Amino acid sequence: MSIFQALVLGILQGIAEFLPISSSGHLAVVQNLFGLELPLVFDVCLHLATLLAVILVFRKRIWSLLCVFGRWITRKTKPEDSIELSMIVAILVGTFVTGIMGIVASKFLPDFPIKLIFVGFIITAFLLIFSSKVSEKEQKNENSTELSKISVKQGLFVGFAQGMGTLPGISRSGITISASLFAKINRETAGEFSFLLSIPAILGAFILEAKDLGTLTQTISVLPLALGCLAAFTSGVVSLTMLMKLIKKGKLQWFAYYLIPLGILGLIFIKTSLIKSNASKFINSKLFSTINR
């Protein structure tokens, strides 16, 4: 892999991991165009870089959650800890559901042709449009942007949605934020919950693939790997910060105007020599890692 390719993939990962446009779908298409077959562990390293971006952007909330969790363990919970405790419980149950769906997907889902990635783009677009409409109505009714509690049922629902995000072309952030809005979680909380929920999934996938880290430099040299991860981290911080502002303003549907044309054009040109007809190996690796996009 060249330095240029690593930088392109890193920047793309950082942008598409957070913006609701499906990082797995975009990486599959770009790798297809580059003619690359990357080991899953490289993909996980890129996700780890974007995980660091999540930790940096939400460092205050994460620290608050850890403090509340510590007080809960030591039975020194305060009355004002209720919102954080609800978030912790929702993350735990959501992660459990996502993990179960990932196991099921790895055993029963078939190979996917690359054309389904473009179908996934279109599905994601409509989810963003409909959830934005629902959010707009709720915002008018409640007129509140403060962080809210998340129930166990809401956590289960969003966790199920994150599991669906392993499907090709379905944006993990897009479907989890949309599910949160459908579940009547307010915008700011929906955005935070979506990305906090991604932390256990990414860490889990990284741990599962850590055994292959020793073989990574045999196929990818250290410099492209380091630059790719740095690019993913930097672009991730920028895109995540921008997305949180758009979520608070209720502008998620803007990304549908990109995804729908992209999906349609991809389906039209799927048979050209520029896009091969099958990317099942890459898609399967994404499905089984339970990380997406």
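**Ground rules**

I number residues from 1 along each chain as its sequence is written, and my side-chain values use heavy atoms, with hydrogens and water left out. As this is a predicted model, local features need pLDDT of at least 70 and side-chain atom pairs count only at pLDDT 80 or more, while totals for chains, interfaces and linings use all residues.

**Entry: salt bridges**

I began with charged pairs. I searched the whole structure and found three salt bridges (a side-chain nitrogen of Lys or Arg within 4 Å of a carboxyl oxygen of Asp or Glu). Side chains of opposite charge can pair when their charged atoms come close.

Glu 192 pairs with Arg 61, with 2.3 Å between the closest N and O atoms. I placed Glu 192 in helix α9 and Arg 61 in helix α4, so this pair links distant parts of the chain, 131 residues apart. My helices are DSSP runs (H or I, at least four residues), and strands are too (E, at least two), numbered from the N terminus. Are Glu 192 and Arg 61 buried or exposed? I found both of them buried (under 20% relative accessible area; exposed is over 50% and partly exposed in between, with a 1.4 Å probe and protein chains only).

Asp 81 forms a salt bridge with Arg 71, and here the closest N and O atoms are 2.7 Å apart. Asp 81 sits in the loop between α4 and α5 while Arg 71 is in helix α4, so the pair ties together parts ten residues apart in sequence. I have Asp 81 as buried, because its relative accessible area is 2%. Arg 71, at 23%, counts as partly exposed.

The side chains of Lys 248 and Glu 188 also meet in a salt bridge, at 4.0 Å from N to O. Lys 248 is partly exposed, with a relative accessible area of 44%.

How many of the eleven residues of helix α8 are buried? I got ten for this helix (residues 172-182), so it is largely enclosed by the rest of the structure. The buried residues include Arg 172, Ser 173, Thr 176, Ile 177 and Leu 181. Just after α8, I noted a positive phi of about 70° at Lys 184.

Next I looked at Ser 194, which is found in helix α9 (residues 187-209). Ser 194 counts as buried because its relative accessibility is 0%. Which residues does Ser 194 touch, not counting those up to four places away in sequence? My list is Arg 172, Ser 173, Thr 176 and Ile 177, with contact meaning heavy atoms within 4.5 Å.

**Entry: Phe 118**

I found Phe 118 in helix α6 (residues 115-142). Phe 118 is buried, at 3% relative accessibility. I also checked Phe 118 against His 26: the two are 92 residues apart along the chain, and their C-alpha atoms are separated by 9.5 Å.

**Entry: cysteines**

My search of the whole structure gave zero disulfides (pairs of cysteine sulfur atoms within 2.5 Å). Cys 229 is in no disulfide, and the nearest cysteine sulfur, on Cys 45, is 5.2 Å away. Cys 229 counts as buried at 18% relative accessibility, whereas Cys 67 counts as partly exposed at 27%.

**Entry: pocket and cavity**

I used a 1 Å grid over the protein atoms alone: a cavity is a set of points where a 1.4 Å probe fits but cannot get out, a pocket is an open set with protein on both sides within 12 Å along at least five of seven lines, and lining residues have an atom within 4 Å of a point. Points are joined across faces, edges and corners, and a volume is the space filled by probe spheres set on them.

The second largest pocket has a volume of about 300 Å³. The elements giving two or more residues to its lining are α4 (59-73), α5 (82-108) and α9. Among the lining residues I listed Ile 62, Phe 69, Ile 88, Leu 196 and Pro 200. By class, this lining has twelve nonpolar, no polar and no charged residues (Ala, Val, Leu, Ile, Met, Phe, Trp, Tyr, Cys and Pro count as nonpolar, Asp, Glu, Lys and Arg as charged, and the others, Gly among them, as polar).

I found two cavities of 30 Å³ or more. The second largest cavity holds about 50 Å³ of space. Its lining includes Ser 132, Leu 181, Arg 187 and Lys 251, and divides into three nonpolar, three polar and two charged residues.
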